[in-house]
Amino acid sequence: MTYCNEKHILRTFEHIALADHYSKQGSVQEIYDDEKIDLDTVINKCEELMNGKKEN
């Protein structure tokens, strides 16, 4: 983002972050699924952004 600002490039950025809380216990995959950072969810989010769709 800093680069785009310095070069006056207008872009929209999607901020993806984890909430500040303790995760439930479980396997690594269960935690990924619970936090919505599993591979399928991340790929779907990227596809939505590339296709110009946004979740509500």
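S23 is partly exposed, at a relative accessible area of 36%. The model you're looking at is predicted, and the mean pLDDT of the chain is 85. S23 is placed in the loop between helix 1 (2-6) and helix 2 (28-34), and its side chain has a polar contact of 3.0 Å with that of E35. A search of the whole structure turns up 1 salt bridge, and there's also a nonpolar surface patch of about 430 Å².

- Of the residues in the chain, 93% reach a pLDDT of 70 or more.
- Helix 2 is where confidence in the chain is highest, at a mean of 93.
- Confidence is lowest in helix 1, at a mean of 84.

**S23 and who it meets**

- Leaving aside residues up to four places away in sequence, S23 touches I31 and E35.
- With E35, the side chains are joined by a polar contact of 3.0 Å.
- Why does S23 count as partly exposed? Its relative accessible area is 36%, and partly exposed covers the range between the 20% cut-off for buried and the 50% cut-off for exposed.

**The salt bridge**

- K24 pairs with D34 in a salt bridge, and the closest N and O atoms are 3.8 Å apart.
- That pair links distant parts of the chain, since K24 is in the loop between helix 1 and helix 2 while D34 is in helix 2, 10 residues apart.
- The K24 end is exposed, with 58% relative accessibility.
- The D34 end is partly exposed, its relative accessible area being 36%.

**The nonpolar patch**

- Which residues make the nonpolar surface patch? They are L18, V28, Y32, I37 and V42, and the patch has an area of about 430 Å².
- Y32, one of the patch residues, belongs to helix 2.
- Y32 counts as partly exposed because its relative accessibility is 38%, and that value falls between the 20% and 50% cut-offs.

- For background, most residues other than glycine have a negative phi.
- H8 isn't a glycine, yet its phi is positive, at about 60°.
- You'll find H8 in the loop between helix 1 and helix 2, where it is exposed with a relative accessible area of 70%.
- K36 is another non-glycine residue with a positive phi, near 60°.
- K36 sits in the loop between helix 2 and helix 3.
- Is K36 buried or exposed? K36 is exposed, since its relative accessible area of 55% is over the 50% cut-off.

**Helix 3 and some C-alpha distances**

- Helix 3 covers residues 39-50, and N44 lies in it.
- N44 is partly exposed, with 41% for its relative accessible area.
- L39 is in helix 3 too, and it counts as exposed at 62% relative accessibility.
- From L39 to S27 the C-alpha distance is 15 Å, for a sequence separation of 12 residues.
- R11 is found in the loop between helix 1 and helix 2, and at 61% relative accessibility R11 counts as exposed.
- R11 and D40 are 29 residues apart in sequence, and their C-alpha atoms are 26 Å apart in space.

Technical notes
Residues are numbered from 1 along each chain as its sequence is written. This is a predicted model: local features need pLDDT of at least 70, side-chain atom pairs count only at pLDDT 80 or more; totals for chains, interfaces and linings use all residues. Side-chain values use heavy atoms; hydrogens and water are left out. Helices (H or I, at least four residues) and strands (E, at least two) are DSSP runs, numbered from the N terminus. Buried means under 20% relative accessible area, exposed over 50%, partly exposed in between (1.4 Å probe, protein chains only). Contact means heavy atoms within 4.5 Å. A polar contact is a pair of N or O atoms within 3.5 Å; within protein, one must be able to donate a hydrogen and the other to accept it, and residues adjacent in sequence count only if both atoms are side-chain atoms. Patches are made of residues with over 30% relative accessible area and no salt bridge: like charges are joined within 9 Å, nonpolar side chains (Val, Leu, Ile, Met, Phe, Trp, Tyr) within 5 Å. Accessible areas come from the Shrake-Rupley method with a 1.4 Å probe; for residues, only the protein chains shown count as cover. A salt bridge is a side-chain nitrogen of Lys or Arg within 4 Å of a carboxyl oxygen of Asp or Glu. pLDDT is the predictor's confidence in each residue, from 0 to 100.
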